[in-house]
Amino acid sequence: MDNIKFTPQDILHKQFKERNIGKGYDEADVDAFLDDVIKDYDTYNKEIERLNDENERLRAKVDELNRQVEVGSSMSSQTTSRQPVSSATNMDILKRLSNLERRVFGSQLDGNDNSNDSHLL
């Protein structure tokens, strides 16, 4: 905004020097044109203000969302650190479960009691 030379008020109140140098411009035509320029200037200024306000609002929203993400990730890491650590991996658990199913369903089919093989569990 530092590069703007004229405000709408500057344009409105501008006084031009009069000279009799022959054919000149229609004063009413120049005034009507400058009135349109002033209206456009006002419109641009209002749009710039609106966009600056929206930009400020969006920056505040981004900051708020970043704070929420930080809080969420810190809570997530605290929750993860509080969970009990198991020495058995998922693969170990699946192997044990598979062996148990073979024992249970295999003994039902065969009619054999394989309770002595508890070392597989």
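View 1. Met91, Leu94, Leu97, Leu100, Val104 and Phe105 together form a nonpolar patch on the surface, with about 560 Å² of accessible area. Patches are made of residues with over 30% relative accessible area and no salt bridge, nonpolar side chains (Val, Leu, Ile, Met, Phe, Trp, Tyr) being joined within 5 Å and like charges within 9 Å. Accessible areas come from the Shrake-Rupley method with a 1.4 Å probe, and for residues only the protein chains shown count as cover. Met91, one of the patch residues, has its place in helix α3, and it counts as exposed because its relative accessibility is 52%, where buried means under 20% relative accessible area, exposed over 50%, and partly exposed in between (1.4 Å probe, protein chains only). The model is a predicted one, in which local features need pLDDT of at least 70 and side-chain atom pairs count only at pLDDT 80 or more, whereas totals for chains, interfaces and linings use all residues. Residues are numbered from 1 along each chain as its sequence is written, and side-chain values use heavy atoms, with hydrogens and water left out.

**View 2. The protein as a whole, with its elements and confidence.** The secondary structure comes to 3 helices and 0 strands, and from the N terminus on the elements run α-α-α; helices (H or I, at least four residues) and strands (E, at least two) are DSSP runs, numbered from the N terminus. The mean pLDDT, where pLDDT is the predictor's confidence in each residue from 0 to 100, is 78 for the protein, and 74% of its residues reach 70 or more. Where pLDDT is low, the predicted coordinates should not be read in detail.

View 3. The side chains of Glu47 and Arg50 meet in one of them, at 2.8 Å from N to O, and both residues lie in helix α2 (residues 27-82), 3 residues apart, about one turn of the helix. Arg50 also forms a salt bridge with Glu54, the closest N and O atoms being 3.3 Å apart, and these two residues of helix α2 are 4 residues apart, again about one turn. Glu47 counts as partly exposed because its relative accessibility is 35%; Arg50, at 42%, counts as partly exposed, and so does Glu54, at 29%.

**View 4. The Glu64 and Arg67 pair, and the annotated span.** The side chains of Glu64 and Arg67 meet in a salt bridge, at 3.1 Å from N to O. Because Glu64 and Arg67 are 3 residues apart in helix α2, about one helical turn separates them. Glu64 counts as partly exposed at 32% relative accessibility, and Arg67 counts as partly exposed at 47%. Elsewhere, salt bridges that share partners join Glu47, Arg50 and Glu54 into one network. UniProt lists residues 34-68 as "coiled-coil region" in an unreviewed entry; UniProt positions are given in the numbering used here, feature names are shortened, and annotations may be inferred rather than shown by experiment. In the model, the span of residues 34-68 is 100% helix and 0% strand, and its end C-alpha atoms lie 51 Å apart.

Methods. A salt bridge is a side-chain nitrogen of Lys or Arg within 4 Å of a carboxyl oxygen of Asp or Glu.
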